[in-house]
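Please open the model in your viewer and keep the selection panel at hand. The stops below are given in the order in which they may be selected.

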Amino acid sequence: MGLKYDVISPFEGTIERTWFQSGDWVEEGEVFCTLTVTGKRIDILSPVTGYVNEIEIEQGELVIVGMILASIMMSDVEGGNPTSI
Amino acid sequence: MASKWFVRNAHTVSFESSANDVWDIMSRFNERYVFVTDSEEMGKIVAYIRDTDIMPSLNDPAWKNHAVRQLPYHTNITFFQREADVLDFFKVFGEEVVVILNREGQLEGYLNREDILYYLLTNQSAHTDWIRSLLNSIPMGIIIADIHGRIENFSSEALRMMRVTADELRSQRVGELLDQNVFLKVVENGEAVLNHIIVNDRMGVLADFGPIRNRHGNVTGAIIVLQDLPFIEKMAMEMEYVKNLNTDLQGILSSIYDEILVLDAKGVLLRYSGNLIKDFWEINKEQLIGLNLMELEHEGTFFSAIVKMVIERKRKVSVTQESRSGKNVLAVGNPIFDEKGKLERIVIALRDVTETVMLKEELLQAKKMSEKYKKELEHLRDQKQYAKNRQLIYASEQIEQVMKYIQKIANTSSTVLLTGESGVGKEVFARTIYELGPRCSKPFVKVNCGAIPETLLESELFGYEKGAFTGANASGKPGYFRMAHKGVLFLDEVGEMPLNLQVKLLRVLQEREIIPVGGSEVVEVDVQIIAATNKNLEKMVEEGTFREDLYYRLNVIPVVIPPLRDRPEDIPLISLHFLQLFNEKYDRTTQLSQDALDLLESYPWPGNVRELQNIVERLVVTADEDLIEAHHITPLLKKGKKQYVKQRMNKIMPLKEATRAMEEQLIKLAMDEFKTTSLAAKMLGVSQSTISRKYQEIQEKIRRGEQIGFKV
């Protein structure tokens, strides 16, 4: 069973763009989505490497501080089994 | 049997007869009914006249002359064949009069209601408990009870309505089943209670209670008539269901770990349940009931933000929050809509995820650490492997210094320039840098700039597009730069690179992009350059044969590899390593004697490690005996000037002999160096005559072919 990690918004803002879809492979530190915060663009990075499990937000949506934007199922190898804990 | 029926005689009149005729028949025969025949219908009976209908008119003298047609007559007559059986009587039960016809359809007589009842009561062939049948055929529940409420009789419909079995019903009393107060009112006061609604979790009925009296007028029991109240019953059932659901819900809520808040569409807290998260709420939650969470000040904007988000998004919102006390709380807000899709409630589930978050974080750290250790372990294993295969073998301080330096620079991807004499193993060092570095899993591509014809070097390095020139590979060639993408490109003999290509190489190093031969598009490349040369590039720059800018571009991290003669302590190690290698290769078991090793160590090795490798290989291949002695080696070594300088004292020999040997060696060295006896004498700190005399002796010795210096 893999372990889920949440992508959490550190700011209140608007989702400008999401770069991944559910099921995509994402590596730790990759830009997961871009947020517009009072005119400034802020990239939110993936906290872990693994598969995108669920995306809660869509482009143009408002998000608040601490909101869970998506969850990522941690995994070691692309195409391999999720990390067993 | 049927023919034995008692049948009343039916007296008939026609419509034209007078009322007087009718009354005459009634009074004469004491008949309650007189039948009317219709002459137009072949004398068939079509109506009857009831005595009670005409009695009020008897006092009217004019009335008697009225025709029958003017009298109140009834036409609802049931006809009945004489052969009919008992079941037919049930059919006609309740009719006021039934006309009986014979088989030919002629009038036989008639029966009234009481006759049929009497017949049904007295007919022995009827097995059916007809009263029960009667009761059961009525779509109402009927219960007959005595004065104490004991149930004496009931219809099956009553069972259905009250949802009891017959035995259950018999064992219970009316008061328990329905309503004790009403029942007492009926039996004690003789009142009838109508339309009494009874609703409980078992039934919903409308009940009529009526007293049963004996002929003296005393109440002896009660009859209760129940009617279904389907809608009331449904409501009652639903209420019951909801009640149960509520109980279940309370149970569920109190046994889950989450804290649940139920808010209305505006954010007012309606109820909460579940376990309280310690240290999260800063005020008592009970005080919050009825308050709008959006207006809370104590809890900050946390809840109002969630409520706002749920209202806006109309779907689930999960938010994490760290409380002032350091608790990590996950709040999941869920909207609940009514049938029309209007937001009705917001349910917020709060969960203390402090531990989970902590554990996840720790796990992540542990994973990273273990990955790091794994890498280090692999690295160490690689190094061990490397030491075995790649053969960076050393014991000298100089190489130790170089290695320390290499380890320091390996983690960068900066350009490295390796310089050193030919054969010192520049490629081995280049590989070491590559393998210690971050690009070790990516390609390592070696290009010998001196070995590739000048005309081809460009296409080899940068690749070419398909059809770039005659004889080019049809599909093009990626070139070494692209092959080494993300990895390391080792440019050996970089000093041999022609000037025109030096410009292009410089461009690649500066721009990190290449243009393949014959191509027009720029290709980005990311390579670490390790260049190596045995040339003095600085001198070449001065001479104008090497571009200065390229030199500085390459000379980012210079690594100078000392020649083998400067580190003689490495020689035995390397020799023995090669010995082992070639022994394995040629399947031999040769050994080097201590003398042999000493000799190798004293040799200056102008060809460095490569020369040493070749000598050892030759020795292994050509040795007749397994033990290789010094005298086997001597013929293979070039006679160099400094051949004996490195001789070391490592065995006991006569002191006099050693002094003489050292003297000879020193004088020869000084004379080779300074050419004149006077200078040599000065350097050696003795008189010129001494040098002159001794040097003559040495020259004579050489002429005679004798060895000077230490014997080997």
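In which sense do strand E14 and strand E15 of chain B pair, and over how many bridges? They pair in the antiparallel sense, over 6 bridges; two strands count as paired if DSSP finds at least two bridges between them. This is a predicted model, in which local features need pLDDT of at least 70, side-chain atom pairs count only at pLDDT 80 or more, and totals for chains, interfaces and linings use all residues. Residues are numbered from 1 along each chain as its sequence is written, while chains are lettered from A and ligands numbered from 1 in the order in which they are written.

Select residues 317-322 of chain B for E14 and residues 328-337 for E15. Helices (H or I, at least four residues) and strands (E, at least two) are DSSP runs, numbered from the N terminus. Val317(B) stands opposite Gly333(B) in E15(B). The two strands form a hairpin with 5 residues between them, and Gly326(B) in the turn has a positive phi of about 90°.

**The largest nonpolar core.** Next, select Leu418(B), Phe481(B), Leu489(B), Ile530(B) and Ala531(B), which touch the most other members of this 57-residue core. A nonpolar core is a set of buried Ala, Val, Leu, Ile, Met, Phe, Trp, Tyr and Cys residues joined through C-beta atoms within 7 Å. A residue is buried if 20 or more other C-beta atoms lie within 10 Å of its own, exposed if 12 or fewer, and partly exposed in between, with C-beta atoms placed from the backbone. Helix H22 (residues 608-622) of chain B gives the largest share of this core, 5 residues. Because domain 4 (391-562) and domain 5 (564-651) of chain B both give residues to the core, it lies between them; the domain bounds come from an automatic or database domain assignment.

Now centre on Ala531(B). Leaving aside neighbours within four places in sequence, Ala531(B) is in contact (C-beta atoms, placed from the backbone, within 7 Å) with Leu417(B), Leu418(B), Leu491(B), Val494(B) and Leu554(B). Apart from this core lies another, of 37 residues, among them Phe32(A), Leu35(A), Ile348(B) and Leu350(B).

**Chain A.** Finally, select Val77(A), in the segment after strand E8 (68-74) of chain A. Is Val77(A) buried or exposed? Val77(A) is exposed, because 11 other C-beta atoms lie within 10 Å. Gly50(A) is 27 residues from Val77(A) in sequence and 7.8 Å from it in space, C-alpha to C-alpha.

Note on methods. Two residues are in contact if their C-beta atoms, placed from the backbone, lie within 7 Å.
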